[in-house]
Amino acid sequence: MNKGVYVALLSIGLAQGLKIPIHYVKEKEWRPELFFQTGGMPSSHSAGVSSLTTYIALQRGFPTIDFALSLVYGLIVMYDAQGIRRQTGELTLKVNDLGELIDKVHHDETVKFEQKTPKKLKEMLGHQPEEVVGGALLGILTGTIGHLLTKKNRKLSKFKIKF
């Protein structure tokens with residue numbers, strides 16, 4: 001498999017893993033299930049695309065089509081993560097609040113009303129701008145480390161071939 005893919009997947013995993021202790025520090029609440037959820041600090045979307053873009057830039061160079069494609073698609077992903085997906089999350093909060101309001105109205109009625117309660121919508125979909133930046137910084141760091149480790153391994157394998 002492509003080493004850039006490994007670096008990006010590692011960065012996504014790190015971002016997801018860091019959400020748990022960061023949430024604990026902020027909220028004093030241990031929630032390991034955050035590893036499998038979207039939203040939160042840092043953005044794994046941003047971490048993944050920025051680590052891949054950084055890795056490509058350092059491996060292949062800035063004036064390559066590989067870097068250009070990765071950068072443009074990465075920017076689109078980060079924009080979407082904090083823009084459209086965040087707005088969807090805010091709309092979801094309002095819908096969930098409306099559902100709770102309807103439940104309160106139904107409890108005050110004397111007429112018996114039977115309705116299946118809908119599953120509450122997931123509220124943490126998108127990211128705040130600082131979460132996107134946090135993910136991007138983590139990704140740049142991961143991409144740089146991935147490049148340096150790959151570079152070191154290439155030098156070692158060339159050294160072994162000479163003997």
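This is a predicted model: local features need pLDDT of at least 70, side-chain atom pairs count only at pLDDT 80 or more; totals for chains, interfaces and linings use all residues.
Buried here means under 20% relative accessible area, exposed over 50%, and partly exposed in between (1.4 Å probe, protein chains only). Residues are numbered from 1 along each chain as its sequence is written, and side-chain values use heavy atoms, leaving out hydrogens and water.

View 1. Helices are DSSP runs (H or I, at least four residues), numbered from the N terminus. Phe 67, Ser 70, Gly 74, Met 78 and Ala 81 are buried in this helix.

**View 2. The outward side of helix 3.** Turned away from the buried side, you will find the exposed residues Ile 65, Tyr 73 and Tyr 79. Leu 69, also in helix 3, is partly exposed at 46% relative accessible area.

**View 3. Salt bridge between Arg 60 and Asp 66.** A salt bridge is a side-chain nitrogen of Lys or Arg within 4 Å of a carboxyl oxygen of Asp or Glu. Here the N to O distance is 3.1 Å; Arg 60 is exposed (54%), while Asp 66 is partly exposed (26%).

**View 4. Salt bridge between Glu 33 and Arg 31.** Their closest N and O atoms are 2.8 Å apart, and Glu 33 is partly exposed, with a relative accessible area of 38%.

Key
Helices (H or I, at least four residues) and strands (E, at least two) are DSSP runs, numbered from the N terminus.
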